[in-house]
Amino acid sequence: LSKLNDRNWCLNIAGEFINNDFKKKVMQFPAYISIKDSVNFLGYILDTYKDDLLGNNDILVLPSYAEGMPISLLEAISYGNAIVTTDVGANQTHFSSICNLLQPGDIIGLKSELSELLNDITLLNKRKNQALELAHRFTFDAFKEQITPIYKTI
């Protein structure tokens, strides 16, 4: 993000740091110091605030090294957030149609993906619309349509 200072952006980091010493270490990195005015550490997000957070942001970034089926991505697409994430867990199966899946630790790819989305409003809006369309596959009604025939055969 420190390499994207030519754009107007804000990073909201949700969730708790497991270790406050690590957070302090991050806050001393020269790259962080150069962007600190654009970064908000929000901590644990209550459901009521989560609606505002996801509803007022354009992109959700989950550069994870290991996931199963990330609930945060399901929540993000339901709000029409473009997603930037890694090729771990179930992401290939469920999210490859709406984003370029990155390899874990690929900082250059992460910068490139964020730069594209921040600089190309047409691409950003396309990804946001694709997210909303995909979200319909994960509704209760969609699940019911998939599971009902299975129950009928039992």
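Let me start with helix H8, residues 140–153, in this predicted model.

Now a step back to the whole chain. The protein has eight helices and four strands. Their order along the sequence is β-α-α-β-α-β-α-β-α-α-α-α. Along the principal axes, the C-alpha atoms fill a box of roughly 60 × 35 × 30 Å. Of the 154 residues, 31% are buried. If we take the contacts with a separation of 6 or more, 56% of them are between residues 24 or more positions apart.

Next, a pair of helices. H6 covers residues 107–119 and H7 covers residues 121–135. How do their axes meet? They come within 5 Å and cross at roughly 100°. An angle from 65 to 115 degrees counts as roughly perpendicular, and therefore H6 is roughly perpendicular to H7. On the H6 side, the residues in contact are Glu113, Glu116, Leu117 and Asn119. On the H7 side they are Ile121, Leu123, Leu124 and Arg127. By type, this contact has four nonpolar residues, one polar and three charged.

I will finish with two single residues. The first topic is valine 39, which sits in strand S2, residues 39–43. Is valine 39 buried or exposed? Its relative accessibility is 8%, and the cut-off for buried is under 20%, so valine 39 counts as buried. Leaving out neighbours within four places in sequence, valine 39 is in contact with Leu11, Ile13 and Tyr32. Serine 2 is 37 residues from valine 39 along the chain, and their C-alpha atoms are separated by 11 Å.

The other topic is glutamate 16, in the loop between strand S1 (11–14) and helix H1 (20–26). Glutamate 16 has 59% relative accessibility, and because exposed means over 50%, this residue counts as exposed. Which residues does glutamate 16 touch, if those up to four places away in sequence are not counted? They are Gly43 and Tyr44. Aspartate 120 lies 104 residues from glutamate 16 in sequence, and the distance in space is 31 Å, C-alpha to C-alpha.

How values were computed. Residues are numbered from 1 along each chain as its sequence is written. This is a predicted model: local features need pLDDT of at least 70, side-chain atom pairs count only at pLDDT 80 or more; totals for chains, interfaces and linings use all residues. Side-chain values use heavy atoms; hydrogens and water are left out. Axes are lines fitted to C-alpha atoms, for helices over the stretch in contact, and angles run from 0 to 180 degrees between N-to-C directions. Helices (H or I, at least four residues) and strands (E, at least two) are DSSP runs, numbered from the N terminus. Angles under 35 degrees count as roughly parallel, over 145 as roughly antiparallel, 65 to 115 as roughly perpendicular and the rest as oblique. Contact means heavy atoms within 4.5 Å. Ala, Val, Leu, Ile, Met, Phe, Trp, Tyr, Cys and Pro count as nonpolar, Asp, Glu, Lys and Arg as charged, and the others, Gly among them, as polar. The expected span of a helix is 1.5 Å times one less than its number of residues. Buried means under 20% relative accessible area, exposed over 50%, partly exposed in between (1.4 Å probe, protein chains only).
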